[in-house]
Amino acid sequence: MDFGSYIRDIKDYPKPGVVFKDITPLLNDPIALRKTGEALLGFTSNMQIDKVVGVDSRGFIFAPMLAEKLEAGFVPVRKKGKLPFKTVAESYVLEYGEGELEIHADAIQPGEKVLVHDDVLATGGTAQAVCKLVEKLGGEVVQCNFLIELTFLGGSEKLNGYPIRALLQY
Ligand SMILES: O=P(O)(O)OC[C@H]1O[C@H](OP(=O)(O)OP(=O)(O)O)[C@H](O)[C@@H]1O
Ligand SMILES: Nc1ncnc2[nH]cnc12
């Protein structure tokens, strides 16, 4: 399937100079939606995964489905102030902003194998912070997977050592 034909470029959103990759046309199409889920799942075939971490908010679209199919638990990493229990936090910078991400302190047990999922890898600031959170809890990141990797922004360099997979590369 030509997944790229379902991705819409929005110029100067959310800030001048940014070309935003809008995945909503892909989500809107039932066949593209199903095939995207299947392709993401294919990235982890034969891998043992205990937890799938999805990143607030677009990472929440596919991560719970991946967790269910992999017979793993789902863990939300959320923007600051949204998780009710004891949290561990990490600040980060992304392509068009900055902030702090949090994870529940009991969400991952030491030694658990973790898949990190998000929709877009751009500068890598977000994914790098998420991997740090996983490691702070003693988890082992076994793969970071994405729908889209914006290779020209060099995000993979911040994820040195972690296996990276993406459905589409620009
Ligand atoms: O590689 P980076 O430069 O760090 O950028 C990637 C992040 O940016 C987007 O999230 P955003 O913060 O816009 O949140 P959203 O999912 O709630 O729209 C995207 O969903 C990734 O999480
Ligand atoms: N260019 C972009 N398009 C969509 N999501 C993003 N997150 C960071 N950069 C992005």
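**Sheet, ligand shells and backbone**

Biologist: In which sense do strand 5 and strand 6 pair, and over how many bridges?

Modeller: Helices (H or I, at least four residues) and strands (E, at least two) are DSSP runs, numbered from the N terminus, and two strands pair if DSSP finds at least two bridges between them. Strand 5 covers residues 87-94 and strand 6 covers residues 97-104. With 2 residues between them, these strands form a hairpin, and E90 stands opposite L101 in strand 6. The pairing of strand 5 with strand 6 is antiparallel, over 8 bridges.

Biologist: Before going on, on what conventions does this description rest?

Modeller: This is a predicted model, in which local features need pLDDT of at least 70 and side-chain atom pairs count only at pLDDT 80 or more, while totals for chains, interfaces and linings use all residues. Residues are numbered from 1 along each chain as its sequence is written, and chains are lettered from A and ligands numbered from 1 in the order in which they are written.

Biologist: What is the strand order of the open sheet of 7 strands?

Modeller: The sheet has mixed pairing. Its edge strands, each pairing on one side only, are strand 5 and strand 9 (164-169). Neighbouring strands are turned by 20° against each other on average, direction ignored, where axes are lines fitted to C-alpha atoms, for helices over the stretch in contact, and angles run from 0 to 180 degrees between N-to-C directions. The order is 5-6-4-3-7-8-9.

Biologist: Which residue of strand 8 is the bridge partner of V120?

Modeller: Strand 8 spans residues 140-149 and runs parallel to strand 7, to which 8 bridges join it. In strand 8, V120 has as its bridge partner I148.

Biologist: What angle does the direction of helix 4 make with that of strand 5?

Modeller: Helix 4 packs on the sheet and touches strand 3 (51-55), strand 4 (73-79), strand 5, strand 6, strand 7 and strand 8. Contact here requires that the C-beta atoms of two residues, placed from the backbone, lie within 7 Å. The angle between the directions of helix 4 and strand 5 is about 160°.

Biologist: Which strand supplies the largest share of the shell around ligand 1?

Modeller: A residue is near a molecule if its C-beta atom, placed from the backbone, lies within 6 Å of it. Of the 17 residues around ligand 1, S57, L94, A122, T123 and T126 come nearest. Strand 7 (113-121) and helix 4 (125-136) each supply at least two residues of this shell. The largest share, 4 residues, comes from strand 7.

Biologist: How many residues of the shell around ligand 2 are charged?

Modeller: Ala, Val, Leu, Ile, Met, Phe, Trp, Tyr, Cys and Pro count as nonpolar, Asp, Glu, Lys and Arg as charged, and the others, Gly among them, as polar. The residues around ligand 2 include F20, K21, L94, E95 and A122, and strand 2 gives the most, with 3 residues. The shell has 7 nonpolar residues and no polar ones, and its charged residues number 2.

Biologist: What is omega for the peptide bond joining D56 and S57?

Modeller: Most peptide bonds are trans. S57 lies in the loop between strand 3 and helix 3 (63-69). The bond joining D56 and S57 is cis, and its omega is about -5°.

Biologist: Is N46 buried or exposed?

Modeller: N46 is found in the loop between helix 2 (30-42) and strand 3, and has a positive phi of about 70° although it is not a glycine. A residue is buried if 20 or more other C-beta atoms, placed from the backbone, lie within 10 Å of its own, exposed if 12 or fewer, and partly exposed in between. Because N46 has 4 other C-beta atoms within 10 Å, it is exposed.

Biologist: Why does L66 count as buried?

Modeller: L66 is found in helix 3. Leaving aside neighbours within four places in sequence, L66 is in contact with L40, L41, V52, L115 and H117. L66 is buried because the number of other C-beta atoms within 10 Å is 21.

Biologist: How far apart in space are K82 and L101, C-alpha to C-alpha?

Modeller: K82 lies in the loop between strand 4 and strand 5. K82 counts as partly exposed because it has 13 C-beta neighbours inside 10 Å. K82 and L101 are 19 residues apart in sequence, and their C-alpha separation in space is 9.5 Å.
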